[in-house]
Amino acid sequence: MIKIEDVISEISSILTQEELEKIRLKYIGRKGILTDELSNISKLSIEEKKNTGKKINEIKQRIIEEIEKRKNEIKRASISEHAENSIDITLSGKPLEIGKIHPLMQTMDEVKNIFLGFGFSIATGPDMEKDYYNFTALNIPKDHPSRDIQDTFYIKPMELDRNSQEEIVLRTHTSPVQIHVMEKYKPPIRIIAPGRVYRHESVDASHSYIFHQIEGLAVDENITFADLKAVLEIFVKKMFGGEVLSRFRPSYFPFTEPSAEVDMQCLICKGIGCSVCKQTGWVELLGCGMVNPKVFEFVKYDTEKYTGYAFGMGIERIAMLKYGINDMRLFYENDLEFLKQF
Ligand code: PHE
(Lines give C-alpha, C1' and ligand atoms only; values in the text may rest on other atoms or scores of the structure.)
Protein backbone atom coordinates (compact mmCIF):
# COMPACT_ATOMS: atom_id res chain seq x y z
CA MET A 1 0.00 0.00 0.00
CA ILE A 2 1.16 3.54 -0.73
CA LYS A 3 2.55 5.65 2.09
CA ILE A 4 0.75 8.96 2.65
CA GLU A 5 4.01 10.71 3.71
CA ASP A 6 5.52 9.98 0.31
CA VAL A 7 2.48 11.36 -1.49
CA ILE A 8 2.47 14.52 0.65
CA SER A 9 6.11 15.23 -0.07
CA GLU A 10 5.47 14.61 -3.76
CA ILE A 11 2.58 17.09 -3.74
CA SER A 12 4.53 19.75 -1.90
CA SER A 13 7.26 19.71 -4.57
CA ILE A 14 4.74 20.50 -7.35
CA LEU A 15 4.93 24.00 -8.83
CA THR A 16 2.13 24.15 -11.42
CA GLN A 17 -1.57 23.41 -11.51
CA GLU A 18 -1.04 21.09 -14.51
CA GLU A 19 1.43 18.91 -12.65
CA LEU A 20 -0.87 18.89 -9.66
CA GLU A 21 -3.68 17.57 -11.86
CA LYS A 22 -1.35 14.81 -13.07
CA ILE A 23 -0.70 13.81 -9.46
CA ARG A 24 -4.43 13.78 -8.79
CA LEU A 25 -5.02 11.46 -11.73
CA LYS A 26 -2.06 9.31 -10.72
CA TYR A 27 -3.56 8.52 -7.30
CA ILE A 28 -7.28 9.14 -7.29
CA GLY A 29 -8.20 9.38 -10.98
CA ARG A 30 -10.36 6.67 -12.58
CA LYS A 31 -7.23 4.68 -13.36
CA GLY A 32 -5.32 5.92 -10.33
CA ILE A 33 -3.34 3.83 -7.88
CA LEU A 34 -5.85 4.22 -5.05
CA THR A 35 -8.84 3.57 -7.27
CA ASP A 36 -7.09 0.45 -8.43
CA GLU A 37 -6.34 -0.66 -4.87
CA LEU A 38 -9.95 -0.03 -3.91
CA SER A 39 -11.22 -2.23 -6.73
CA ASN A 40 -8.83 -4.98 -5.62
CA ILE A 41 -10.29 -5.31 -2.13
CA SER A 42 -13.20 -7.34 -3.43
CA LYS A 43 -10.78 -10.29 -3.32
CA LEU A 44 -10.26 -9.89 0.43
CA SER A 45 -12.20 -11.31 3.35
CA ILE A 46 -15.02 -9.25 4.85
CA GLU A 47 -12.94 -8.25 7.87
CA GLU A 48 -9.94 -7.21 5.74
CA LYS A 49 -12.22 -5.44 3.27
CA LYS A 50 -13.55 -3.25 6.03
CA ASN A 51 -10.09 -2.35 7.39
CA THR A 52 -8.33 -1.86 4.07
CA GLY A 53 -11.30 0.01 2.54
CA LYS A 54 -11.36 2.39 5.47
CA LYS A 55 -7.61 2.97 5.26
CA ILE A 56 -7.67 3.59 1.51
CA ASN A 57 -10.56 6.05 1.87
CA GLU A 58 -8.70 7.91 4.61
CA ILE A 59 -5.62 8.17 2.40
CA LYS A 60 -7.76 9.28 -0.53
CA GLN A 61 -9.39 11.96 1.62
CA ARG A 62 -6.00 13.13 2.83
CA ILE A 63 -4.64 13.32 -0.72
CA ILE A 64 -7.66 15.40 -1.84
CA GLU A 65 -7.03 17.82 1.04
CA GLU A 66 -3.31 18.06 0.34
CA ILE A 67 -3.92 18.70 -3.36
CA GLU A 68 -6.45 21.43 -2.53
CA LYS A 69 -3.98 23.03 -0.11
CA ARG A 70 -1.16 22.99 -2.66
CA LYS A 71 -3.50 24.30 -5.35
CA ASN A 72 -4.21 27.42 -3.25
CA GLU A 73 -0.54 27.91 -2.46
CA ILE A 74 0.40 27.81 -6.14
CA LYS A 75 -2.41 30.23 -6.95
CA ARG A 76 -1.33 32.72 -4.31
CA ALA A 77 2.29 32.55 -5.39
CA SER A 78 1.39 33.28 -8.97
CA ILE A 79 -0.80 36.28 -7.99
CA SER A 80 1.93 37.94 -5.96
CA GLU A 81 4.50 37.25 -8.66
CA HIS A 82 2.17 38.86 -11.17
CA ALA A 83 1.58 41.87 -8.97
CA GLU A 84 5.30 42.51 -8.65
CA ASN A 85 5.74 42.59 -12.38
CA SER A 86 2.80 44.74 -13.40
CA ILE A 87 1.14 48.04 -12.55
CA ASP A 88 -2.47 48.14 -11.57
CA ILE A 89 -3.68 51.17 -13.49
CA THR A 90 -7.04 51.05 -11.77
CA LEU A 91 -5.56 52.04 -8.40
CA SER A 92 -5.98 55.72 -7.53
CA GLY A 93 -2.69 57.65 -7.30
CA LYS A 94 -1.18 59.41 -4.33
CA PRO A 95 -2.28 63.06 -4.39
CA LEU A 96 0.62 65.40 -5.23
CA GLU A 97 1.11 68.40 -2.96
CA ILE A 98 1.64 71.40 -5.18
CA GLY A 99 3.90 74.14 -3.86
CA LYS A 100 2.74 77.74 -3.83
CA ILE A 101 4.18 81.22 -3.75
CA HIS A 102 4.25 82.63 -0.20
CA PRO A 103 1.40 85.13 0.39
CA LEU A 104 3.89 87.94 1.02
CA MET A 105 5.61 87.28 -2.30
CA GLN A 106 2.23 87.00 -4.02
CA THR A 107 1.37 90.44 -2.65
CA MET A 108 4.79 91.74 -3.69
CA ASP A 109 4.22 90.41 -7.22
CA GLU A 110 0.78 92.01 -7.41
CA VAL A 111 2.14 95.39 -6.38
CA LYS A 112 5.05 95.05 -8.80
CA ASN A 113 2.79 94.12 -11.69
CA ILE A 114 0.56 97.13 -11.14
CA PHE A 115 3.54 99.50 -11.30
CA LEU A 116 5.12 97.64 -14.21
CA GLY A 117 1.80 98.31 -15.95
CA PHE A 118 2.26 102.04 -15.24
CA GLY A 119 5.63 101.90 -17.02
CA PHE A 120 7.90 101.63 -13.96
CA SER A 121 11.03 99.44 -14.04
CA ILE A 122 12.47 97.39 -11.20
CA ALA A 123 15.62 98.50 -9.37
CA THR A 124 17.45 96.83 -6.51
CA GLY A 125 20.01 97.76 -3.89
CA PRO A 126 22.01 95.98 -1.18
CA ASP A 127 20.53 94.96 2.17
CA MET A 128 23.72 96.22 3.88
CA GLU A 129 24.06 99.93 3.26
CA LYS A 130 26.52 102.59 4.04
CA ASP A 131 25.17 105.14 6.48
CA TYR A 132 25.40 107.66 3.65
CA TYR A 133 22.78 105.90 1.50
CA ASN A 134 20.42 104.87 4.27
CA PHE A 135 20.47 108.27 6.03
CA THR A 136 22.73 111.13 4.99
CA ALA A 137 21.87 111.39 1.30
CA LEU A 138 18.20 111.08 2.23
CA ASN A 139 18.53 114.24 4.31
CA ILE A 140 18.30 112.37 7.59
CA PRO A 141 20.69 114.40 9.75
CA LYS A 142 23.05 112.91 12.31
CA ASP A 143 20.75 113.70 15.23
CA HIS A 144 17.58 112.27 13.67
CA PRO A 145 15.74 109.87 16.01
CA SER A 146 15.54 107.07 13.41
CA ARG A 147 19.31 106.76 13.56
CA ASP A 148 19.01 105.75 17.15
CA ILE A 149 20.48 102.39 18.01
CA GLN A 150 16.91 101.47 19.01
CA ASP A 151 15.77 101.40 15.40
CA THR A 152 18.81 100.50 13.35
CA PHE A 153 21.03 97.45 13.19
CA TYR A 154 24.61 98.70 12.94
CA ILE A 155 27.26 96.41 11.58
CA LYS A 156 30.74 96.82 13.02
CA PRO A 157 32.77 98.15 10.07
CA MET A 158 35.71 96.07 11.29
CA GLU A 159 33.86 92.89 10.44
CA LEU A 160 33.77 93.95 6.81
CA ASP A 161 36.87 96.03 6.26
CA ARG A 162 39.40 96.83 8.99
CA ASN A 163 40.41 100.11 7.39
CA SER A 164 36.91 101.41 6.80
CA GLN A 165 35.68 104.18 9.02
CA GLU A 166 32.29 104.24 7.30
CA GLU A 167 29.35 103.04 9.32
CA ILE A 168 27.40 100.17 7.83
CA VAL A 169 23.75 99.43 8.62
CA LEU A 170 21.13 96.93 7.60
CA ARG A 171 18.89 99.19 5.56
CA THR A 172 15.92 100.41 7.57
CA HIS A 173 13.88 101.20 4.46
CA THR A 174 14.13 100.79 0.67
CA SER A 175 14.64 104.53 0.17
CA PRO A 176 18.46 104.21 -0.22
CA VAL A 177 17.76 102.55 -3.58
CA GLN A 178 16.53 105.99 -4.71
CA ILE A 179 20.04 107.33 -4.19
CA HIS A 180 21.74 104.45 -6.00
CA VAL A 181 19.43 104.84 -8.99
CA MET A 182 19.86 108.63 -9.20
CA GLU A 183 23.64 108.35 -8.89
CA LYS A 184 23.67 105.96 -11.80
CA TYR A 185 20.99 107.35 -14.16
CA LYS A 186 19.83 110.73 -15.41
CA PRO A 187 16.09 111.59 -15.50
CA PRO A 188 13.55 110.60 -16.67
CA ILE A 189 13.36 107.93 -13.96
CA ARG A 190 10.44 105.72 -13.02
CA ILE A 191 11.44 102.81 -10.80
CA ILE A 192 10.11 100.63 -8.05
CA ALA A 193 12.47 98.87 -5.65
CA PRO A 194 11.16 95.84 -3.77
CA GLY A 195 13.20 94.37 -0.95
CA ARG A 196 13.79 93.37 2.63
CA VAL A 197 14.32 95.96 5.34
CA TYR A 198 15.46 95.66 8.95
CA ARG A 199 14.64 97.48 12.16
CA HIS A 200 15.74 96.92 15.72
CA GLU A 201 12.26 96.14 16.88
CA SER A 202 10.72 93.45 19.06
CA VAL A 203 8.27 91.16 17.34
CA ASP A 204 4.55 91.53 17.96
CA ALA A 205 1.31 91.37 15.96
CA SER A 206 2.25 94.42 13.88
CA HIS A 207 6.07 94.60 14.11
CA SER A 208 8.98 92.52 12.96
CA TYR A 209 12.73 93.13 12.86
CA ILE A 210 12.69 92.12 9.22
CA PHE A 211 9.96 92.97 6.76
CA HIS A 212 9.41 94.00 3.15
CA GLN A 213 8.90 97.27 1.37
CA ILE A 214 8.40 98.52 -2.15
CA GLU A 215 9.86 101.91 -2.92
CA GLY A 216 8.75 104.06 -5.83
CA LEU A 217 10.57 106.96 -7.49
CA ALA A 218 9.71 109.12 -10.48
CA VAL A 219 11.89 112.05 -11.56
CA ASP A 220 11.36 114.14 -14.66
CA GLU A 221 10.62 117.67 -15.77
CA ASN A 222 7.24 118.97 -14.64
CA ILE A 223 6.32 116.17 -12.27
CA THR A 224 3.78 117.43 -9.76
CA PHE A 225 1.98 116.26 -6.66
CA ALA A 226 -1.05 115.62 -8.91
CA ASP A 227 0.96 112.91 -10.71
CA LEU A 228 1.80 111.27 -7.38
CA LYS A 229 -1.81 111.45 -6.28
CA ALA A 230 -3.13 109.97 -9.51
CA VAL A 231 -0.67 107.06 -9.55
CA LEU A 232 -1.31 106.10 -5.93
CA GLU A 233 -5.09 106.45 -6.15
CA ILE A 234 -5.20 104.17 -9.16
CA PHE A 235 -2.82 101.79 -7.39
CA VAL A 236 -5.17 101.52 -4.40
CA LYS A 237 -8.13 100.78 -6.66
CA LYS A 238 -6.23 98.15 -8.65
CA MET A 239 -4.92 96.52 -5.51
CA PHE A 240 -8.00 96.59 -3.30
CA GLY A 241 -10.95 97.11 -5.64
CA GLY A 242 -12.44 99.94 -7.68
CA GLU A 243 -14.84 101.11 -4.99
CA VAL A 244 -12.20 101.58 -2.25
CA LEU A 245 -11.56 105.22 -1.34
CA SER A 246 -8.17 106.63 -0.39
CA ARG A 247 -7.07 109.92 1.11
CA PHE A 248 -3.86 111.90 1.44
CA ARG A 249 -2.94 113.19 4.88
CA PRO A 250 -0.05 115.59 5.55
CA SER A 251 2.97 113.92 7.13
CA TYR A 252 6.73 114.33 7.48
CA PHE A 253 9.71 112.52 5.97
CA PRO A 254 13.13 114.20 5.74
CA PHE A 255 13.59 113.10 2.11
CA THR A 256 10.26 114.41 0.77
CA GLU A 257 8.75 117.88 0.86
CA PRO A 258 5.81 118.13 1.07
CA SER A 259 5.19 114.69 2.55
CA ALA A 260 1.98 112.74 2.92
CA GLU A 261 0.63 109.45 4.08
CA VAL A 262 -2.02 107.62 2.14
CA ASP A 263 -4.88 106.05 4.06
CA MET A 264 -7.50 103.85 2.57
CA GLN A 265 -10.99 103.20 3.68
CA CYS A 266 -11.08 100.30 6.14
CA LEU A 267 -11.99 97.15 4.25
CA ILE A 268 -13.40 95.46 7.34
CA CYS A 269 -16.07 98.03 8.23
CA LYS A 270 -16.23 99.88 4.89
CA GLY A 271 -15.44 103.17 6.60
CA ILE A 272 -18.03 102.99 9.37
CA GLY A 273 -15.47 102.45 12.16
CA CYS A 274 -14.30 99.24 13.83
CA SER A 275 -11.49 97.94 16.04
CA VAL A 276 -9.13 97.40 13.09
CA CYS A 277 -9.28 101.08 12.05
CA LYS A 278 -9.58 102.23 15.67
CA GLN A 279 -13.07 103.58 14.89
CA THR A 280 -11.72 106.09 12.33
CA GLY A 281 -12.89 104.26 9.20
CA TRP A 282 -9.39 104.69 7.68
CA VAL A 283 -6.19 102.68 7.76
CA GLU A 284 -2.63 103.84 6.99
CA LEU A 285 -1.21 102.42 3.81
CA LEU A 286 2.03 104.13 2.78
CA GLY A 287 4.31 107.15 2.98
CA CYS A 288 5.05 109.45 0.06
CA GLY A 289 5.88 112.97 -1.07
CA MET A 290 7.72 115.15 -3.55
CA VAL A 291 11.45 114.45 -3.58
CA ASN A 292 13.15 116.98 -1.32
CA PRO A 293 15.49 119.20 -3.43
CA LYS A 294 18.15 118.55 -0.76
CA VAL A 295 18.17 114.91 -1.89
CA PHE A 296 18.62 116.04 -5.51
CA GLU A 297 21.64 118.07 -4.40
CA PHE A 298 23.29 114.94 -3.00
CA VAL A 299 22.98 113.20 -6.37
CA LYS A 300 23.83 116.39 -8.32
CA TYR A 301 20.51 116.70 -10.10
CA ASP A 302 19.52 120.16 -11.34
CA THR A 303 16.88 121.23 -8.80
CA GLU A 304 15.64 123.96 -11.12
CA LYS A 305 14.99 121.53 -13.93
CA TYR A 306 13.72 118.39 -12.23
CA THR A 307 11.03 117.47 -9.77
CA GLY A 308 9.97 114.04 -8.62
CA TYR A 309 7.87 112.02 -6.26
CA ALA A 310 8.67 109.02 -4.08
CA PHE A 311 6.63 106.58 -2.07
CA GLY A 312 7.30 103.58 0.13
CA MET A 313 4.93 100.89 1.32
CA GLY A 314 5.17 97.90 3.63
CA ILE A 315 4.23 94.63 1.95
CA GLU A 316 3.23 92.92 5.21
CA ARG A 317 0.84 95.72 5.94
CA ILE A 318 -0.73 95.57 2.50
CA ALA A 319 -1.10 91.77 2.66
CA MET A 320 -2.69 92.02 6.12
CA LEU A 321 -5.21 94.58 4.91
CA LYS A 322 -5.93 92.69 1.72
CA TYR A 323 -6.53 89.32 3.37
CA GLY A 324 -7.88 90.57 6.71
CA ILE A 325 -5.00 89.15 8.78
CA ASN A 326 -4.51 90.67 12.21
CA ASP A 327 -1.14 89.17 13.18
CA MET A 328 2.00 89.70 11.08
CA ARG A 329 3.76 86.76 12.74
CA LEU A 330 1.55 84.35 10.78
CA PHE A 331 3.57 85.20 7.68
CA TYR A 332 6.81 83.99 9.22
CA GLU A 333 5.78 80.88 11.10
CA ASN A 334 5.53 78.59 8.07
CA ASP A 335 2.35 76.97 9.31
CA LEU A 336 1.19 75.07 6.23
CA GLU A 337 -2.46 75.20 7.28
CA PHE A 338 -2.19 79.00 7.13
CA LEU A 339 -0.12 79.16 3.96
CA LYS A 340 -2.27 76.68 2.00
CA GLN A 341 -5.15 79.17 2.06
CA PHE A 342 -3.50 81.55 -0.40
N1 PHE B 1 10.99 105.26 3.67
C2 PHE B 1 9.75 105.60 4.33
C3 PHE B 1 9.50 104.59 5.45
O4 PHE B 1 10.13 103.58 5.50
C5 PHE B 1 8.60 105.59 3.38
C6 PHE B 1 8.70 106.64 2.30
C7 PHE B 1 9.31 106.36 1.12
C8 PHE B 1 8.16 107.91 2.50
C9 PHE B 1 9.37 107.33 0.11
C10 PHE B 1 8.24 108.88 1.53
C11 PHE B 1 8.84 108.57 0.33
O12 PHE B 1 8.64 104.79 6.27
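**A tour of side-chain pairs and the ligand site**

Begin by selecting Arg 62, which counts as partly exposed because its relative accessibility is 37%. Here, buried means under 20% relative accessible area, exposed over 50%, and partly exposed in between, with a 1.4 Å probe and protein chains only. The structure on display is a predicted model, in which local features need pLDDT of at least 70 and side-chain atom pairs count only at pLDDT 80 or more, while totals for chains, interfaces and linings use all residues. Residues are numbered from 1 along each chain as its sequence is written, and side-chain values use heavy atoms, with hydrogens and water left out.

**Salt bridges**

Helices (H or I, at least four residues) and strands (E, at least two) are DSSP runs, numbered from the N terminus. Glu 66 counts as buried, at 11% relative accessibility.

Next, select Asp 127 and Arg 171, whose side chains also form a salt bridge (3.4 Å, N to O). Asp 127 lies in the loop between β1 (121-122) and β2 (128-130), and Arg 171 in the loop between β4 (168-170) and α8 (176-184), so the pair ties together parts that are 44 residues apart in sequence. Asp 127 is partly exposed at 26%, whereas Arg 171 is buried at 2%.

Then move to Lys 340 and Glu 337, a salt bridge in which the closest N and O atoms are 3.9 Å apart. Lys 340 is partly exposed at 40%, and Glu 337 is exposed at 56%. Finally, select Arg 247, Arg 249, Glu 261 and Asp 263, which salt bridges link into a network. The whole structure contains 18 salt bridges.

**Aromatic rings**

A search of the whole structure also finds 14 aromatic pairs. Select Phe 115 and Phe 235: their ring centres are 5.1 Å apart and their planes stand at 25°, so the pair is stacked. Rings of Phe, Tyr and Trp (its six-membered ring) pair if their centres lie within 6.5 Å; planes under 30 degrees apart count as stacked, over 60 as edge-to-face and the rest as tilted. Both Phe 115 and Phe 235 are buried. Phe 296 and Tyr 301 form a tilted pair, 5.6 Å centre to centre with 35° between the planes. Both Phe 296 and Tyr 301 are buried as well.

To view a cluster linked by ring pairs, select Phe 115, Phe 118, Phe 120, Phe 235, Tyr 309 and Phe 311.

**The ligand**

A polar side-chain atom of Gln 213 lies 3.0 Å from an oxygen atom of the ligand. The protein covers 89% of the 330 Å² of accessible area that the ligand has on its own, as computed by the Shrake-Rupley method with a 1.4 Å probe.

Technical notes:
A polar contact is a pair of N or O atoms within 3.5 Å; within protein, one must be able to donate a hydrogen and the other to accept it, and residues adjacent in sequence count only if both atoms are side-chain atoms. A salt bridge is a side-chain nitrogen of Lys or Arg within 4 Å of a carboxyl oxygen of Asp or Glu.
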